[in-house]
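This report looks at how two ligands are held by a protein chain. The sequence and structure come first, and the contacts follow.

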Amino acid sequence: MLNTRAKCPPCLARAEEDDFAAAVLDGLSRPQKSLPCRFFYDARGSELFEEITQLPEYYPTRTEAAILEAHAAEMADGLPPGSVLVEFGSGSSLKTEILLRQLTQLGAYVCIDVSESALEAARARLAARFPTLDVRPIVGDFSRTVALPADLAERPRTGFFPGSTIGNLTPAEAGCLLQTFRACLDAGGRLIVGVDLKKDARRLHMAYNDSAGVTAAFNLNLLTRINRELAGTFDLAAFRHEAVYNPREGRIEMHLRSTRRQVAGVLGRPFRFGAGERIHTENSYKYTIAEFHELARRAGWQPTRVWTDESNLFSVHELVAGSL
Ligand code: SAH
Ligand code: AVI
């Protein structure tokens, strides 16, 4: 597996500090404590995310998969033979298989993710299911990992960014990320991106507060990871999962709320929590199609086609890169 680093635009420069320890110490030192959501995905976090995707309340994965099943042939149409499919935040690559079945002339599949365990499991499964496919996993942060393996650099590329992972960034960060992807893909290249749509707040609330408590376990696992990797002393029983829809921002916010006054240590540094104080762990922005088109255009992409489900829960967009 390849580990690569490349330059990012100045607005993503903060991501340079992605070292887990530095990010945790910084996030917990702020007046509003926060932790970056990309650190959810250690091996256990990736497993818990896969469980989330199977929950009855979590509609995004199955809805997006159904959209891909219905339209994969159109999405694959016109892809030059020998092209490279580059997926950002590929996780299990399960949904990717729907596209791969249509992309019979694909030159290679490059999958980029921070979770080494998820990449390894995907690599092994794809090797069995698509024995002739050239799969190139890259462990890294997609906001910085834009350098493709040298032998693939001259091939035409199509980007794939499913799952509404783009919603986990603020709109400003998402715009920067789309610019980074544009630099990574060819001028005239395409990006297929999955975006969760604005909808009834109750439905959103249920999707992030499932009755089996899997999303709560996913959120709390961040503290388990800090305890294990950073000599943390968090008492998990004294923090509670919270997910609320913020209609003004158009996003689900996930938090970990301290149920009492307490002190938790990280790498020997004490962090004080008041009763009820929260750590902000994730945003999950929801867009209308028009809002997402506007965001894409500002980042230099031309929206060409969009596919949705009958209930307008989720959208899959085709964007074409303008010249730089
Ligand atoms: N694309 C898959 C997985 C979505 S979950 C799907 O649609 O089901 C989000 C994935 O993005 C996780 O696998 C996580 O490890 C990865 N991820 C999150 N932030 C990342 C980052 N900054 N760089 C690379 N991968 C990231
Ligand atoms: C990966 N990402 C798009 C998921 C989401 O819905 O924002 C992560 C997640 N968080 C809680 N449940 C799922």
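## Ligand 1

A backbone N or O atom of G89 lies 2.8 Å from a nitrogen atom of ligand 1, a polar contact in the sense of a pair of N or O atoms within 3.5 Å. Backbone N or O atoms also approach ligand 1 at V114, 3.2 Å from a nitrogen atom, and at G163, 3.5 Å from an oxygen atom. The protein covers 93% of the 570 Å² of accessible area that ligand 1 has on its own, areas being computed by the Shrake-Rupley method with a 1.4 Å probe.

Around ligand 1 there are 17 residues, the closest being G89, K95, D113, D141 and F142, where a residue counts if one of its heavy atoms lies within 4 Å. This shell divides into 5 nonpolar, 7 polar and 5 charged residues, with Gly counted as polar and Tyr as nonpolar.

## Ligand 2

The 14 residues around ligand 2, of which Y58, N168, Y208, E282 and S284 come nearest, divide into 7 nonpolar, 6 polar and 1 charged. At least two residues of this shell come from each of α2 (43-53), α8 (214-229) and β10 (278-285), helices (H or I, at least four residues) and strands (E, at least two) being DSSP runs numbered from the N terminus.

## Basis of the values

This is a predicted model, in which local features need pLDDT of at least 70 and side-chain atom pairs pLDDT 80 or more, while totals for chains, interfaces and linings use all residues. Side-chain values use heavy atoms, without hydrogens or water, residues are numbered from 1 along each chain as its sequence is written, and chains are lettered from A and ligands numbered from 1 in the order in which they are written.

Terms used
Polar contact = N/O pair within 3.5 Å; in protein donor to acceptor, adjacent residues only side chain to side chain.
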